[in-house]
Amino acid sequence: MIHLTAIEAARLLGKHPKVGAAANQVKTAQQVDNLRQCVLAQLIGFPAPVTELQFHPKRRWRLDFAWPDSMIALEVHGGVHSGGRHTRGKGFVGDRAKMNEAALLGWTVLEVTPEHIKSGQLRAWLLAAFNQDPGQRTKP
């Protein structure tokens, strides 16, 4: 007969806090990878983007996907329905500062959620952004 403590039993069943946290990290990583693959599928036919481009001269802000020659960028906001960083106070406020600074530097930033990616709206917005006449863009 095997005797387990409550903690050992919970760990085996995946209900120990450390096990649960590790499982959540794996699940989140899989979701992020899946979302990234969906984004990449919609980028077929566009020039190759730079990923994680540090765009600001003083801050360490990065753009998820960027086309510096066209000054077009893509920011993917996940976790919008689960209380992710992009929807909570400090994260939301920080994102607004980042996006405003990008606009002031002349970037056209498309901000999308998983719903925009899955529906194909992302691709439609990218087509519109890349087909826009560069002379119509205003720069500081």
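**Exercise 1. How are β2 and β3 joined, and how many bridges join them?**

Step 1. Between β2 and β3 there are 3 bridges, and the two strands run antiparallel. Strands here are DSSP runs of E with at least two residues, helices are runs of H or I with at least four residues, and both are numbered from the N terminus. Two strands count as paired if DSSP finds at least two bridges between them.

Step 2. F65 stands opposite L74 in β3.

Step 3. The two strands form a hairpin with 4 residues between them. M71, in the turn, has a positive phi of about 55°.

The model is predicted: local features need pLDDT of at least 70 and side-chain atom pairs count only at pLDDT 80 or more, while totals for chains, interfaces and linings use all residues. Residues are numbered from 1 along each chain as its sequence is written, and side-chain values use heavy atoms, with hydrogens and water left out.

**Exercise 2. Place the strands in the sheet and find what packs on the sheet.**

Step 1. The sheet is open, has 4 strands in the order β1-β2-β3-β4, and its pairing is mixed.

Step 2. β1 (50-54) and β4 stand at the edges with a single partner strand each, so one side of each has no neighbour in the sheet.

Step 3. From one strand to the next, the twist averages 40°. Angles run from 0 to 180 degrees between N-to-C directions, with axes as lines fitted to C-alpha atoms, for helices over the stretch in contact.

Step 4. β3 and β4 run parallel and are joined by 5 bridges. In β4, E111 is the bridge partner of E75.

Step 5. Helix α5 packs on the sheet and touches β2 (62-67), β3 and β4; contact means heavy atoms within 4.5 Å. The direction of α5 makes about 175° with that of β4.

**Exercise 3. Which residues of helix α5 are buried, and where do they lie on the helix?**

Step 1. In α5 (residues 121-131), L122, L126 and A129 are buried. Buried means under 20% relative accessible area, exposed over 50%, and partly exposed in between (1.4 Å probe, protein chains only).

Step 2. Seen down the axis of α5, the buried residues fall within an arc of 65°, so they line one face of the helix. The arc is taken from the directions from the helix axis to the C-beta atoms.

**Exercise 4. Which way do the residues of β3 point?**

Step 1. In a regular strand, side chains alternate between the two faces of the sheet.

Step 2. I72, L74 and V76 point one way from β3, and A73 and E75 point the other way.

Step 3. β3 is mostly covered, with 5 of its 5 residues buried.

**Exercise 5. How many salt bridges are there, and which parts do they link?**

Step 1. A salt bridge is a side-chain nitrogen of Lys or Arg within 4 Å of a carboxyl oxygen of Asp or Glu. The count is 2 salt bridges.

Step 2. E75 pairs with K98, and their closest N and O atoms are 3.0 Å apart. E75 is in strand β3 (residues 72-76) and K98 in helix α3 (residues 89-104), 23 residues apart. Both E75 and K98 are buried.

Step 3. R96 and E111 form a salt bridge at 2.9 Å, N to O. R96 lies in helix α3 and E111 in strand β4 (residues 108-112), so this pair ties together parts 15 residues apart in sequence. R96 is partly exposed, with a relative accessible area of 26%, and E111 is partly exposed at 31%.
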